[in-house]
Every structure is written in structure tokens, then in C-alpha cells.
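Please keep the sequence and the structure in view while reading.

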Amino acid sequence: MTATKGAVPESASGFRIIKADAFVFRAPADPPVRTSFGIMHSRPALLIRLTDDDGITGWGEVWCNFPAVGAEHRARLFLSVLAPMLCEQRWASPRSCFDALTARTHILAIQAGEPGPLAQVIAAIDMAAWDLIAKRAGQPLWKWLGGAGPTVAVYASGINPDAPMRVVEEKAGEGYTAFKLKVGFDDARDEDNVRTVRTELGRDGVLMVDANQAWSTRHAMEMIARLAPHGLTWIEEPVAADTPWTAWKQLSDSTPLRLAAGENLRGEPAFSRAIVAGGLRVIQPDMGKWGGFTRCLDVARMTLEHGQWFCPHWLGAGIGLRASMHLKAAIGGDGYVEIDANHNPLRAILADPEFSVNHGTVTLSNDPGLGVEPLMDAAKRYLIPIQAG
């Protein structure tokens with residue numbers, strides 16, 4: 001049984017979780033991943049595994065890039081707070097589970113000052129629940145969620161400011177045709193890098209930039225004007241994500257370029273304001289930060305209804321990446337799925353079999369659920385012992 005395009009099947013069978021596990025991994029970042037707000041010297045990953053009363057498992061991944069101890073902390077939140085709630089009853093659907101866990105942790109999130117980490121753990125639970133449900137149905141998740149086809153456009157992301165053409169050339173050789181360059185470091189260097197990559201790609205090459213919230217509104221206005229002649233597909237997070245939407249609208253009105261953001265938004269009201277305010281033309285929720293499939297599908301439908309691009313954000317390991325691809329395949333529409341260009345051994349080890357990029361696209365398999373499983377034996381050397389604490 002499938003639903004209409006991008007819709008969550010309301011008649012999906014319920015599930016009961018009898019076991020909930022967390023696994024923290026950490027691999028060295030070689031080279032380190034640079035952003036305008038910090039450097040990643042290691043690549044963490046936090047996977048959760050849900051097992052139902054029939055022995056079927058579902059996998060989810062929690063966003064945990066920053067700070068460096070984020071993975072361990074979120075694992076403890078999952079094991080000590082969310083897992084007991086998750087296992088205490090039978091759930092009618094992943095949506096009912098998502099809503100109940102969100103409601104039950106609302107006051108705790110306020111009291112502890114941790115609405116973000118709790119939302120991230122619940123998002124991964126939702127991811128795992130949908131993987132499990134689609135496996136029960138014997139269908140790939142993209143199809144179970146009503147997707148028209150398994151192929152999604154992708155781009156190579158996270159390209160550091162140091163020798164960016166080396167990475168672009170490497171990724172082009174792997175089949176990528178769209179690229180996103182990190183900016184927000186030094187204005188002259190940023191523009192030189194964009195000019196160099198644009199020259200090598202030619203006028204028809206797809207090129208984006210990501211400032212990671214580095215600029216003030218005035219500085220962003222100046223840099224957007226400097227970079228616009230280089231034919232960018234979008235400029236991502238030129239200002240802080242909590243900048244008033246009137247300022248985003250002013251920036252957008254000043255340039256023909258698309259402005260992109262969404263990875264640092266949380267909750268339906270925030271996304272609704274972002275979509276209707278008119279400042280953004282590319283909406284980028286991170287389904288491991290907030291929402292999972294259940295709520296990011298809602299955001300995706302609203303995005304397409306308003307004529308904007310829906311482009312899931314992801315910069316973690318393999319389960320979350322594959323989930324982002326299924327999310328995009330389920331909803332369709334213009335836009336791309338982000339694939340980190342930086343070396344990360346956890347991306348392949350924690351989601352097997354690997355994917356290939358062909359002419360800028362990835363085609364998902366017809367295997368049930370997310371269609372991948374972590375290679376736990378191969379990943380043991382990166383495993384970090386964790387306790388609920």
C-alpha cells in the first residue's frame with residue numbers, strides 16, 4: 001500500500017518497540033572540516049536501533065556534529081529519557097509516536113534548556129520507526145511514502161576554502177555535476193575561490209556557496225552583490241538563522257540569487273514563517289536535527305505549495321544521508337540532496353550497500369525500508385562505549 005505523493009500513510013500498521021539501542025562512533029577528520037564558526041577534527045555519528053516485537057529493526061541517526069562531545073550527550077539522552085518512554089506502549093504510527101514523545105518532553109526541554117538535543121533524538125527515533133514500518137510492509141521507504149520514482153539529484157557539499165578545485169575535480173570524476181563551496185572566511189579569498197571554481201566549471205556548471213551564518217545583514221548585502229555575477233544557484237545562510245525575516249526578505253529582494261536556509265530551524269511555526277515570509281527560495285530542513293520523516297514531509301509539502309525548492313540538509317554519516325535521499329524521493333520537486341564531499345569512513349561503513357552518483361543523480365534501491373544496514377563489525381574500531389549515565 002502506498003499513499004499520495006509525499007503523504008504519510010495514516011493506515012500504516014502500528015508497532016511496539018521492545019528494545020532500543022544507541023551506538024556512538026567517532027572517526028578522525030582527515031583533513032579537518034572547516035566552517036566559518038569552527039573546525040571539525042573528528043567525524044562523530046550516533047545511530048539508534050529500534051527492534052519491534054517481531055524482531056524487525058529500524059535505524060535512525062541523530063545530528064551530533066558540534067560540539068565535539070555532542071554524540072555522547074545525545075546518546076545518554078536517548079538511553080535515559082526517550083528509550084523508556086518509547087518502549088512502554090504500542091504506537092499506532094510513527095506520527096503518533098513523534099507527537100507523544102515531543103509533548104512528553106516539552107517541559108523537560110524547557111527545564112533543562114535543551115530543546116535542540118531532545119528534538120534531535122526524537123527525529124532519529126522517527127527516522128528509525130519509518131525504516132521499521134517500511135520493512136514490515138516489504139517496500140522501499142521512498143515508495144511507501146508515495147514517491148513517484150527512486151532517483152534524486154545530488155550535490156557535493158562542504159568544500160573547504162583550501163584548494164577547492166582539487167575537491168571539485170575529484171567529485172566531478174565520481175559523477176557529481178553540482179558543487180557547494182564554503183565561504184565566510186575572508187572576503188577576497190572567498191571571491192577568488194568562487195571565481196576559480198566558476199571558471200573551471202564553465203557558465204553552465206551548478207555552483208552554490210554556504211556562508212554558515214558568517215555575515216551581518218550589511219556585510220551579507222555587500223558579499224551577495226560581489227558574488228552574484230558568478231552565477232550561483234544559491235547562497236546559503238548568509239546571515240544568522242535567527243535574523244528577522246524582514247531582513248531576509250530585504251536581502252532576497254536585493255538580488256536575483258536564491259537564498260537558502262533551514263538546517264537551523266526547529267518546529268512547524270518556524271518553518272511556516274520562513275516559507276511564507278518571502279526571504280528564502282530554498283528550504284533545507286535537517287531531518288536528524290528536527291522532524292524526522294513525519295514533520296519534514298509536512299515542511300516539504302508546504303515548500304512545494306509555495307513554489308520553493310526543497311533540499312534536505314545533511315552532513316553526518318550514512319543512515320541520515322540515505323534517509324534524506326528517501327525523503328527527497330518521496331516528495332519530488334526541484335532541488336538537490338546534499339552529500340558531504342569530505343572524507344568520512346562512517347558514511348559507507350554505517351550504511352551498506354554504498355550508492356553511486358551517475359550524471360549528478362543517485363538512484364535508490366527497491367530494498368525494504370532505507371535499503372541499508374550498518375556494518376557493525378567493520379565499524380567496531382570507531383565505536384565509543386556509552387552508558388545511560
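The model is a predicted one. In soluble globular proteins, nonpolar side chains tend to be buried together.

Leaving out residues up to four places away in sequence, F293 touches D126, M127, W130, L141, L145, M287, A323, H326, L327 and L370.

The side chains of D131 and K135 meet in a salt bridge, with N and O 3.3 Å apart. Both residues lie in α4, four residues apart, which is about one turn of the helix. An α-helix has 3.6 residues a turn, so residues three or four places apart point the same way. Is this pair buried or exposed? D131 is buried, at 0% relative accessibility, and K135 is buried as well, with a relative accessible area of 18%.

In α6, residues 164-173, the buried residues are P164, M165, V167, V168 and K171. They lie on the same side of α6, because the arc they cover around the axis is only 160°. E169 and G173, on the other side of α6, are exposed. The cover over the buried residues of α6 includes β5 (151-159), β6 (178-182) and α7 (187-201). After α6 comes G175, which has a positive phi, near 110°.

The next stop is a loop. T243 is located in the loop between β8 (234-236) and α9 (245-253). Despite its place in a loop, T243 counts as buried, at 13% relative accessibility. A polar atom of the T243 side chain lies 2.8 Å from the backbone oxygen of A240. Setting aside neighbours within four places in sequence, T243 is in contact with T217 and W248.

Another loop, between β2 (38-52) and β3 (57-62), contains D53. With a relative accessible area of 39%, D53 is partly exposed. In sequence D53 and I17 are 36 residues apart, and their C-alpha atoms are 6.3 Å apart in space. Beyond its neighbours within four places in sequence, D53 is in contact with R16, I18, R90 and R136.

Which of these contacts forms a salt bridge with D53? The partner is R90, and the closest N and O atoms of the pair are 3.7 Å apart. D53 lies in the loop between β2 and β3 and R90 in strand β4 (residues 90-91), so the pair ties together parts that are 37 residues apart in sequence. R90 is partly exposed, at 44% relative accessibility.

The count of salt bridges comes to 27. One of them joins D340 and R347, whose closest N and O atoms are 3.7 Å apart. Both partners are buried: D340 has a relative accessible area of 4%, and R347 stands at 14% relative accessibility. Salt bridges also link R95, D99, E268, R295, D298 and R301 in a network.

The cysteines remain. How many disulfides does a search of the whole structure find? The search finds zero. The sulfur of C64 has its closest cysteine sulfur in C296, 17 Å away, which is too far for a bond. C87 is in no disulfide either, as the nearest cysteine sulfur, that of C97, is 9.7 Å away. For comparison, a disulfide requires the two sulfur atoms to be within 2.5 Å. C64 is buried, with a relative accessible area of 3%, whereas C87 is partly exposed, with a relative accessible area of 23%.

Terms used:
Residues numbered from 1 in each chain as written. Predicted model: local features only at pLDDT ≥ 70, side-chain atom pairs only at ≥ 80, totals over all residues. Heavy atoms only, no water. Buried < 20%, exposed > 50% of the residue type's maximum accessible area, 1.4 Å probe, protein only. Helix = DSSP H or I, 4+ residues; strand = E, 2+ residues; numbered from the N terminus. Polar contact = N/O pair within 3.5 Å; in protein donor to acceptor, adjacent residues only side chain to side chain. Contact = heavy atoms within 4.5 Å. Arc of directions from axis to C-beta. Salt bridge = Lys/Arg side-chain N within 4 Å of Asp/Glu carboxyl O.
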